[in-house]
Amino acid sequence: MESLKKFLRNPMGVLGALMLLVVVCAAIFAPWLAPYDPKQRVEVTPEDILAPPDAQHLLGRDDAGKDVLSLLIYGARVSLLVGFTASFMSMFIGTTVGLVAGYYGGRIGNALMRLVDFLLVVPDLPLMLVIIAVWGRGLWKIVMVISLLGWTYTARLVRSQVLSIKERQFVLRARSIGAGSLRIIVRHVFPQVLPLIIAQAVLDISVSILYESSLAFLGLGDPTLVSWGMMLNFAFERAVSRQAWWFLLPPGLAIVWVSLALILIGNTLDEIVNPRLRTHHLFDARRMVALVAEGEAAAE
Amino acid sequence: MERSNYILRKIVFSVGTLIAVLVFNFFLFRILPGDPVKLIIHSPRMTREAQERIRANFGLDKSVWFDVERLREGDVLGAFDSQFTTYMRNLLRGDLGISFATRKDVTELLAERVWRTVVLVLGGNVIAIVLGMAIGLIAAWRRGTRLDAAILLWGLFSWALPTFFLGIILLILARGHLPVGGMATPGLRPEDGLTYWLDVGKHLILPTLTMAIVYTSEYILIMRSSVMEVLTEDYILTAKAKGLSTLRVLRDHALKNAMLPMVTMIALTFGYTVGGAIQVETVFSWPGIGRLMYEAVQKRDYPVLQGSFLLLAVSVIAANLLADLLYTVLDPRVKAE
């Protein structure tokens, strides 16, 4: 409750939450909000192709004569679905790895941290690109690839927290009265790191959405769904030369809108749950370096 | 930590990463369902000769990893003659296979294009680092002012901005004023000398600008928080108390100490930069490695994809190692102990 009050007092956080609410509503109520059903076949005349906005089509029509506004509203579903599931999965993997590596340490912990280092060095987007190109295009494949490559920072974060928590009084006491490792992790360590994990997961949603849109723009989106990235792929191929800004700008601005919302929320959460760490790791070099150094010290 | 020990460990890690990438690269293109090599070899568009060449090139009649049968027959060396060792041997000879789409040598294709991507990535990054450090330093120094808030907001905004979308916007804005696609105006050739290179330079402006804008804001945010931390240290107070000018405090104390984490972050950001290059080259049809990958995806040209990925991964690994080595030079603590 205290945290909620702090969140509501932060204008950036509230702004982010309101911005996200708009997108969530669009995704949930898409069938009622969208003026047309994008799945429905439409009879088009050549004039309808990339037709500019008018009273019937507020954002004009795309290269197949479909209503851009409807596509945009339905596109929110794809982005949010990919963002939330991929972020949830990477949160799950990262937390498990971080807990194991931090609490048990030893050889397994070291091996896991080397894996983290490895994934940190290999360039993400090219790797996703080759995997999807070979494996095939599909929504769940994209979610899998993003989450399997995106858990490393959460793992580092959880591990470094666990390392300090497990030496604290209450954990030592629990152990001395005979509590098992699993019980200590679940009852004592996990609740302590959870707020940090959630703040990180919100930021991860925006990262996942950006990755999905980049992949879709590069022609590797799910062919059965129209995401914002894919709209931009179509628009870039066909609408740039016709100056059809109504097809180009909305999907791009929608991506910026939703990821900015999530960044504002995530940043605010991070400030609340961990006042010592003022910013996200990408903005905070020292935190990143400290985490890397800890991993190395543990490896010795 | 002893310095040579540290360097050695970094090198071992890089070599390990490199081997892991090689194994992965082989694994991905050979073991996954739908094996692209077998798919392509059964394609009716392929001539018999081409099929044979691919078969020999990939060692398709051999076992994938290890031949247990031959080992049982006592042929220990022969047991290692597999698709994997064939792949590694070809790789060591610099043979990355033949493009399915153009029938050209992949190594030649990459060699022809690699410099175009290097120019783009380096150019964009150098501009971004210089601007990002300067603006980040100012923001940290003017912490809490309107200027700082504006810089921070811009940083957050551009973090949410997809690289390819920024590219498209710049492309629309600059249309008619600057060349927006390709590497040179058609008709001009390298033999034309200065005119040609000036033309190439003009074609480079928009892609480099896109890269620079996206990555500048990333460095601004890193530098800002890094300097902000340094400015709370006691030695800054001491320096101010000594009566040093603002410029000297920032330059000699804040900047120097904020540099160390910057070096590590630049190396880590390099991986993202390469991903950005793929998007930027796609938007502006800049014929580098990124555009090559985009086209290879469209044409399902697997040898080209595999080769390009390998090249990018190796460059990023090398850049990280370089940053680690630079770190040992910059950070006196590494050698002192």
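Reader: Start with chain B. How are H7(B) and H12(B) oriented to each other?
Author: H7(B) and H12(B) are oblique to each other. Angles under 35 degrees count as roughly parallel, over 145 as roughly antiparallel, 65 to 115 as roughly perpendicular and the rest as oblique. One caution: this is a predicted model, where local features need pLDDT of at least 70, side-chain atom pairs count only at pLDDT 80 or more, and totals for chains, interfaces and linings use all residues. Residues are numbered from 1 along each chain as its sequence is written, with chains lettered from A and ligands numbered from 1 in the order in which they are written.

Reader: At what angle do the axes of H7(B) and H12(B) cross?
Author: Roughly 140 degrees, and the axes come within 9 Å. H7(B) is residues 106-141 and H12(B) is residues 246-283. Axes are lines fitted to C-alpha atoms, for helices over the stretch in contact, with angles from 0 to 180 degrees between N-to-C directions.

Reader: Which residues of H7(B) and H12(B) meet?
Author: On H7(B), they include B:Leu120, B:Asn125 and B:Trp141. On H12(B), B:Leu250, B:Met262 and B:Val280 are among them. Contact here has C-beta atoms, placed from the backbone, within 7 Å. By class, the contact of H7(B) with H12(B) has 13 nonpolar, three polar and no charged residues.

Reader: Which residues of H11(A) are buried?
Author: A:Trp228, A:Gly229, A:Met230, A:Met231, A:Leu232, A:Asn233, A:Ala235 and A:Phe236.

Reader: What covers the buried residues of H11(A)?
Author: The cover includes H4, H10 and H12 of chain A, together with H9 of chain B.

Reader: Now the contact between chains. How many residues does each chain give?
Author: Chain A gives 41 residues and chain B gives 47. On the chain A side, H6(A) has the largest share, nine residues. That side divides into 29 nonpolar, seven polar and five charged residues.

Reader: Back to H6(A). How does H6(A) cross H7(A)?
Author: At roughly 145 degrees, with the axes coming within 10 Å. A:Trp135 in H6(A) and A:Leu149 in H7(A) are among the residues that meet. This contact has nine nonpolar, no polar and two charged residues.

Notes:
Helix = DSSP H or I, 4+ residues; strand = E, 2+ residues; numbered from the N terminus. Contact = placed C-beta atoms within 7 Å. Nonpolar A, V, L, I, M, F, W, Y, C, P; charged D, E, K, R; others polar. Buried ≥ 20, exposed ≤ 12 C-beta atoms within 10 Å, placed from the backbone.
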